[in-house]
Amino acid sequence: MKRVILMRHAKSSWDDLDVSDHDRKLNARGHKSAGLIGEWLKTNNYIPEQVFCSTAVRCMETWAGLKETMSLDIEPEFDRSLYHAHVSMMLQKLSAATTDTVLYLGHNPGTSAFAEELLESRPKDRDLYRYPTAATTVIDFDIENWSELALRSGKLEAFIIPRRLG
């Protein structure tokens, strides 16, 4: 079995309109949300062994919050091509993964589109389609190797957004 954890970056700041989109940082709510999601992942034993992360500052800061909360000792693969990546790029990246549980930390609309394309059936949760900041989907696949990954083959294990955690 293989598992992917798809996460959209936490809430970013719009305080400085002169900062490029790629360089926007998390706001206070974003930092809190990253910690809440990290605790949820840890509590539910959804522990990544490999991480693919966009180089956008808000993604890297979200990762830092997860890493600290979960006490992880993983070096993510930061990849600029994951900044607003399309489903085909995400599928290519995930198909080359080398561990059983992978965290993919990116942006919308790509992350929600990827979740929809990976799931074998459409979930009824409207938030999965809106995919608010820090939304996180856990999807399981009955495959031995990531190279066998096919669209519409994943089973929804869990989906969460920060406001449901308090």
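I am working from a predicted model.

**Entry 1: the strand pair I began with**

I looked up Lys2 and found that its bridge partner in strand 5 is Phe141. That pair belongs to a set of 6 bridges joining strand 1 (residues 2-8) to strand 5 (residues 136-141), and the two strands run antiparallel. Further along, I saw Leu6 standing opposite Thr137 in strand 5.

I then checked the other neighbour, strand 6. Strand 5 pairs with strand 6 over 5 bridges, again in the antiparallel sense.

I found 6 strands in an open sheet, ordered 3-2-4-1-5-6, with mixed pairing. Strand 3 (77-79) and strand 6 (155-160) are the edge strands, each pairing on one side only. From one strand to the next, the twist averages 15°.

Then I asked what packs on it. Helix 1 (residues 28-43) does, touching strand 1, strand 5 and strand 6, and its direction makes about 30° with that of strand 5. Helix 4 (residues 110-118) lies across strand 1, strand 4 (101-106) and strand 5, and runs at about 150° to strand 1.

**Entry 2: strand 5, residue by residue**

How many residues of strand 5 are buried? I got 6 of 6, so I noted the strand as mostly covered, with buried meaning under 20% relative accessible area. Thr136, Val138 and Asp140 point one way, while Thr137, Ile139 and Phe141 point the other way, and all are buried.

In soluble globular proteins, nonpolar side chains tend to be buried together. The largest nonpolar core here has 25 residues, and Val4, Leu6, Leu94, Leu118, Phe141 and Trp146 touch the most other members. Strand 1, helix 3 (87-95), strand 4, helix 4 and strand 5 are the elements that give two or more residues to this core. Apart from it lies another core, of 23 residues, among them Met7, Ala10, Val51 and Leu105.

Leaving aside neighbours within four places in sequence, they include Tyr104, Thr111, Phe114, Ala115, Leu118, Tyr131 and Ile139.

**Entry 3: helix against helix**

Two helix pairs were left on my list. Which residues of helix 1 meet helix 2 (residues 57-70)? I found His31, Ala34, Gly35, Ile37, Gly38, Glu39, Leu41 and Lys42 on the helix 1 side, facing Glu61, Thr62, Gly65, Leu66, Thr69 and Met70 in helix 2. The two axes come within 8 Å and cross at roughly 45°. Helix 1 and helix 2 are therefore oblique to each other, and their crossing is right-handed.

For helix 3 and helix 4, the axes are 9 Å apart and the packing angle is about 65°. I therefore put helix 3 and helix 4 down as roughly perpendicular to each other. This crossing is right-handed. Val87, Met90, Leu91 and Leu94 come from helix 3, and they meet Gly110, Thr111, Ala113, Phe114, Glu117 and Leu118 in helix 4.

Terms used. Residues are numbered from 1 along each chain as its sequence is written. This is a predicted model: local features need pLDDT of at least 70, side-chain atom pairs count only at pLDDT 80 or more; totals for chains, interfaces and linings use all residues. Side-chain values use heavy atoms; hydrogens and water are left out. Two strands pair if DSSP finds at least two bridges between them. Helices (H or I, at least four residues) and strands (E, at least two) are DSSP runs, numbered from the N terminus. Axes are lines fitted to C-alpha atoms, for helices over the stretch in contact, and angles run from 0 to 180 degrees between N-to-C directions. Contact means heavy atoms within 4.5 Å. A nonpolar core is a set of buried Ala, Val, Leu, Ile, Met, Phe, Trp, Tyr and Cys residues joined through side-chain atoms within 4.5 Å. Buried means under 20% relative accessible area, exposed over 50%, partly exposed in between (1.4 Å probe, protein chains only). Angles under 35 degrees count as roughly parallel, over 145 as roughly antiparallel, 65 to 115 as roughly perpendicular and the rest as oblique. A crossing is left-handed if the near helix is turned anticlockwise from the far one by less than a right angle, and right-handed if clockwise.
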